[in-house]
Every structure is written in structure tokens, then in C-alpha cells.
Amino acid sequence: MKKFTENLLKVVNMLSDEKYMSGAEMAKHLGISRTAIWKIIKVLISYGIDITSDNKLGYKTTQKLILLDRDVIGRNTNYNLTKLDIFESINSTNEFLKGTRHQDYQNHICLAEHQSSGNARLKRSWDSPFGQNLYLSIKHYFKKDISFISGLSLITGLSVIRTLSQLNISNKFKIKWPNDIYCEDKKIAGILTEVVGESYGGCMAVIGIGLNVNMTELSNKNVINWTSLKKITGKHFDRNEICISLINNIIKDIEKFSILGLEYFLSDWNNHDYLTNKKIVVKNNEQTIEGEYKGIDAQGNLLLKIDNKIITLYSGDASIASIK
């Protein structure tokens, strides 16, 4: 776990226009030694940032890079009683929040530029390159019994869709039960929701979101059904703007969910349901079940039609059945 160093952020900002800048210039501007600049450059290279160097011209990045800015995000978050932590590198934003004590914050937010052990559902890994995507977790205190928050990942999915729609990119984003966001049959975001404690009639949950923003390559070449905002549009995005919108949308939707429940969101869910009218396969524990997808119930559970009988699945990994 590594907190942001101010000088690293400033060096990235100086290199962000993709033009050469000498180590001497950067050192003079920051009031530090050229050796310190060299060490920062080494750290960035270790994170996978492509930096070229020239003995006469200095350093430059071959890719546009705008890091997350705590002050910018904090100023534009619309909700009080919110704590914000941003890390240069961390094992997992979810794991960090799960280990924090609940204090006087309705929402504790953790962001990271890099995750060494990012997690998805079913103990899968989440590719988390430095400075390219959003790795965001929110720890929220609900003044409700734990049974009430069933369907929380579905609500978060709608928050992600709303955020993406505000970018005026595409109207093709869909949610695949229970926690994946797809665009044209390719995954662009995943959600991991974990309940971390109960107290005084309430409960705490950690909601983790991984959103592919500026990533154009994946370290695991065997994974092909993924995409990112940059792959869709060809444009580079300022993740600060997306992050602000995402935080505000999630907290707003959580507050509505706490008052109105999942039923309030069902119509919106149906409009963005990726599995509608599809035959699907659900892996549930060690079982594999195939049937016709019939939507979700009032608690967010999946309804599957098998031989004219509808069964309810409370968890599992759903995928579209292959055509035989």
C-alpha cells in the first residue's frame, strides 16, 4: 500500500503533454535533485508507463496520462460525511476498506491508480494497470438490516450506466446479472459487493467498481471479450471527471435505494438488462444450469425457466448459452 507522493503527481503532470522535458528542468521546477527525478521516472516505468529518454532532450511519455487529483475530486463530490483516500498503489481498494474501522462517515471512498491484487467476483483477478482505468470502492453504512440490501450490486450497475450515458458516448451499455457492464457483447466494467459488518440494526457494505477507461491492451491475451471507453471512441478520457460523476451517481442511487428499495429501480433495470429474451447458462456452486432467462424478482434474484417451471437463483455466474 503506497500513498500518493506529491512529486510523482507533479512529474506526471509535466510529462502529460507528451513532449520532452529534461530532468534538470523538472528538478529545478520541483526544488529537488535530478537523482530524485530519476527515481520517480523509475517508479513510473515499473508501473508499466512507457517513458522514452534522450540524453539531450530528457524524458517524455508515449501516452497521455492524467492522474487522479484528490483536491479536484473532493471539491466536486456533492455529499458530506464522506472520507476520500487515493493511493498510488494498493493490493485492492475493497480489501483496504474492509480493514478500516467505521467512523463518523456515511461513505468512505478509496481510489487507486494501480492494484496489485484487484479482485472480481468468484475470486477472479481484475487487470489493474497504472493510471489507465478507475478502481473505486465505497464503504457505505446502511441503517437497515442486512437482508434489505439484496440487489445492491444491481443498483450500482445502474449508477455506472448513468455515468457512462452522461459522457454522450453510446446508448448500448447493458447490465449482465448480477454485476457486469457490457457494451456490444464486451465487458467494460465489473462490480464486487461485500457486506463487512452489522451493528445496532444496521450494516456496512463495500461496493467495488472496476471500469476500463483508457486501457487499450490487456496483460492476459487470452481474454478477448473486453473493451474500454478509449477502445469504443478512440478518445482519451480525464478519469477525474468520470470519477466525480460516478461517485455522485452511486451515492445518490444508494440513498434512493435505502428509502425506496429495489422495486423503484426495476423499470430502469429492465431497460438495460443484457440477458433479456436470451437462453443462458448459470454456474451456481458446482452446478451448471441452462434455461430461458425470465428477468429478476423483487429482491434481485435471477429467474430461470426450465421445462415450463421457473426457478429462482440467488447467486451464480450467468452467460449466454451457445447456439448448437
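**Aromatic rings**

I started with F265, which is buried at a relative accessible area of 3%. For these calls, buried means under 20% relative accessible area, exposed over 50%, and partly exposed in between, using a 1.4 Å probe and protein chains only.

A note on what I am reading: this is a predicted model, so local features need pLDDT of at least 70 and side-chain atom pairs count only at pLDDT 80 or more, while totals for chains, interfaces and linings use all residues. Residues are numbered from 1 along each chain as its sequence is written, and side-chain values use heavy atoms, with hydrogens and water left out.

Next I looked up the aromatic pairs, and the structure holds six. Rings of Phe, Tyr and Trp (its six-membered ring) pair if their centres lie within 6.5 Å; planes under 30 degrees apart count as stacked, over 60 as edge-to-face and the rest as tilted.

How are the rings of Y47 and F130 arranged? Their centres are 4.4 Å apart and their planes are at 0 degrees, so I noted the pair as stacked. This pair links distant parts of the chain, 83 residues apart: Y47 lies in the loop between α3 and β2, and F130 in the loop between β5 (107-112) and β6 (134-142). Helices (H or I, at least four residues) and strands (E, at least two) are DSSP runs here, numbered from the N terminus. Y47 counts as buried at 15% relative accessibility, and F130 counts as buried at 0%.

Then I came back to F265 and its pairing with Y264: the ring centres are 5.1 Å apart and the planes at 85 degrees, so this pair is edge-to-face. Y264 counts as partly exposed, at 46% relative accessibility.

I also found one aromatic cluster, formed by F142, F148 and F257. S258 is buried, with a relative accessible area of 16%. Leaving aside residues up to four places away in sequence, S258 touches F142, K144 and F148, where contact means heavy atoms within 4.5 Å.

**Two helices**

I asked at what angle α1 (residues 6-15) and α3 (residues 34-46) pack. The angle is about 80 degrees, with the axes 10 Å apart. Axes are lines fitted to C-alpha atoms, for helices over the stretch in contact, and angles run from 0 to 180 degrees between N-to-C directions. I therefore wrote down α1 and α3 as roughly perpendicular. The contact is made by N7, L8, V11, V12 and L15 of α1, and by I37, I40, I41, V43 and L44 of α3.

**Strands**

I looked at β2 (residues 51-54) and β3 (residues 58-61), which pair in the antiparallel sense over four bridges; two strands pair if DSSP finds at least two bridges between them. I51 stands opposite T61 in β3. The two strands, β2 and β3, form a hairpin with three residues between them.

My last stop was an open sheet of five strands in the order β14-β13-β12-β11-β15, with antiparallel pairing. β14 (309-313) and β15 (317-320) stand at the edges with a single partner strand each, so one side of each is left without a neighbour in the sheet. Within this sheet, β12 (residues 287-296) and β13 (residues 302-306) pair over three bridges, and I noted L304 in β13 as the bridge partner of Y293.

Note on methods: Parallel < 35°, antiparallel > 145°, perpendicular 65-115°, else oblique.
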